[in-house]
Amino acid sequence: MSEVKVASSNGIPPPSFDLPLPDRPDIITANIQKLIEQTPNPRHRFIFKTLVKHLHQFVNETSLTTDEWMAAIDFLTRTGQKCTPLRQETILLSDILGVSALVDSLNNPVAGGATENSVLGPFFTEDAADVEFGESIASEGKGDYMYVEGRILTTEGQPIPNAIIDTWETDADGFYDTQYADRSHPDCRGRLRSDDDGRFGYRAVVPIAYPVPGDGPVGELLCLLGRHNMRPNHLHMMVEAPGFHKLVTALYPEGCDYLRSDCVFGVKKSLVVSLKDIVDDEEARKRGFPRGGSFKLLQYDIILLTEEQSAAIRTRVEEERGVITGDEKY
Ligand SMILES: [Fe+2]
């Protein structure tokens, strides 16, 4: 005998209280808020109460038309459908609306001169090659020479040896290696370790400003808003050391036209760096640049917070802002 399927609920019974029938718009809002009160997890309850409050307020404030709401749903549908294992259009939407940068900033406040964070972006990979002190992360011909050096330090100025530094950047055409269909090995990216004095140094190329993908729904939205889709040129760095708060950041050479209008809001004043022009063939060859000639020098010390310092700063900042988190976080 074949099994008969019966339409059934998810097993959750109706609420123990009666809700008024939603004869007026404001009753719809009140009813859903009452239902959300039943959410078992306090953090979920708080997040969804707040989300619905603002979402309903948005619909009311804008007197949103049915056509506009359907256009929004169509946009979100196409945004999801554009995603593939290699293309994340939903993250891009979060990025260009400033939400990624906002979440990042609120979750990683710094103090005591520690290096500020910046958005991770979609181009980090796990397969970067190990690079020794002074070696190059970029194969020859990938762009103008740049030497990057500095120290990894505590907020007291003590060196942090053996920190793992992941770094990645675009080539001279403004592309990451992962954007090439024929990518056979990682390029313009590497993994280094700081030495006993906390020092690091490596050869790279001068990164180039690049557009975020413009051929999807998020690209359409940027055009609709009259916004460009460019990021200023930058060098990504991710630094980890035992006992220290992981840092995800990027350094932005000054002088780029897009520095003050980064389409994903990643630039912070403390992360803007000046590149020194070193026009000295001997020095270039000494640093290992095969063509010699000249190179740009980027010098920057990275200051890490301990896990304890980071947690204490987050708590202090939340208290200062009077953040209501809704009982407890799960
Ligand atoms: Fe990037």
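In the predicted model, the axes of helix 3 and helix 4 (residues 89-96) come within 7 Å and cross at roughly 125°. Helix 3 and helix 4 are therefore oblique to each other. On the side of helix 3, the contact involves Phe75, Leu76, Thr79 and Gly80, and on the side of helix 4 it involves Glu89, Thr90 and Leu93. Sorted by class, this contact between helix 3 and helix 4 holds three nonpolar, three polar and one charged residues.

Helix 3 (residues 66-81) also packs with helix 6 (residues 217-224), at an angle of about 135° and with the axes 9 Å apart. That angle makes helix 3 oblique to helix 6. Here Phe75, Arg78 and Thr79 of helix 3 meet Pro217, Val218, Glu220 and Leu221 of helix 6. The residues in the contact of helix 3 with helix 6 comprise four nonpolar, one polar and two charged. Phe75 and Thr79 take part in the contact with helix 4 and also in the contact with helix 6.

A further helix pair is formed by helix 1 (residues 25-36) and helix 2 (residues 42-62), whose axes lie 10 Å apart at an angle of about 170°. Because angles over 145 degrees count as roughly antiparallel, helix 1 and helix 2 are described as roughly antiparallel to each other. Helix 1 contributes Ile28, Thr29, Ile32, Gln33 and Ile36 to the contact, where they meet Arg45, Phe48, Lys49, Val52, Lys53 and His56 of helix 2. By class, five nonpolar, three polar and three charged residues make up the contact of helix 1 with helix 2.

These helices belong to a chain whose secondary structure comes to eight helices and twelve strands. The radius of gyration of the protein chain is 25 Å, well over the 20 Å that the globule rule gives for 330 residues, so the chain is more spread out than a compact globule. Taken along the principal axes, the C-alpha atoms fill a box of roughly 85 × 55 × 45 Å. The accessible surface of the chain comes to about 19500 Å², and 55% of this surface belongs to carbon and sulfur atoms. Of the 330 residues, 37% count as buried. Among contacts between residues at least 6 apart in sequence, 69% join residues at least 24 apart.

Two individual residues illustrate the local surroundings within the chain. His236 is located in strand 7 (residues 235-240). With a relative accessible area of 2%, His236 is buried, because buried means under 20% relative accessible area. Leaving aside residues up to four places away in sequence, His236 touches Val119, Leu120, Asp166, Thr167, Trp168, Tyr176, Tyr210, Arg231, Thr249 and Ala250.

Ala172, by contrast, is found in the loop between strand 2 (164-169) and strand 3 (189-193). At 40% relative accessibility, Ala172 counts as partly exposed, a class that lies between buried, under 20%, and exposed, over 50%. Apart from residues up to four places away in sequence, Ala172 touches Lys142, Gly143 and Ile208. Ala172 and Ile208 are 36 residues apart in sequence, and their C-alpha atoms are 5.9 Å apart in space.

Note on methods. Residues are numbered from 1 along each chain as its sequence is written. This is a predicted model: local features need pLDDT of at least 70, side-chain atom pairs count only at pLDDT 80 or more; totals for chains, interfaces and linings use all residues. Side-chain values use heavy atoms; hydrogens and water are left out. Axes are lines fitted to C-alpha atoms, for helices over the stretch in contact, and angles run from 0 to 180 degrees between N-to-C directions. Helices (H or I, at least four residues) and strands (E, at least two) are DSSP runs, numbered from the N terminus. Angles under 35 degrees count as roughly parallel, over 145 as roughly antiparallel, 65 to 115 as roughly perpendicular and the rest as oblique. Contact means heavy atoms within 4.5 Å. Ala, Val, Leu, Ile, Met, Phe, Trp, Tyr, Cys and Pro count as nonpolar, Asp, Glu, Lys and Arg as charged, and the others, Gly among them, as polar. The radius of gyration is taken over C-alpha atoms; the globule rule is 2.2 Å times the number of residues to the power 0.38. Buried means under 20% relative accessible area, exposed over 50%, partly exposed in between (1.4 Å probe, protein chains only). Accessible areas come from the Shrake-Rupley method with a 1.4 Å probe; for residues, only the protein chains shown count as cover.
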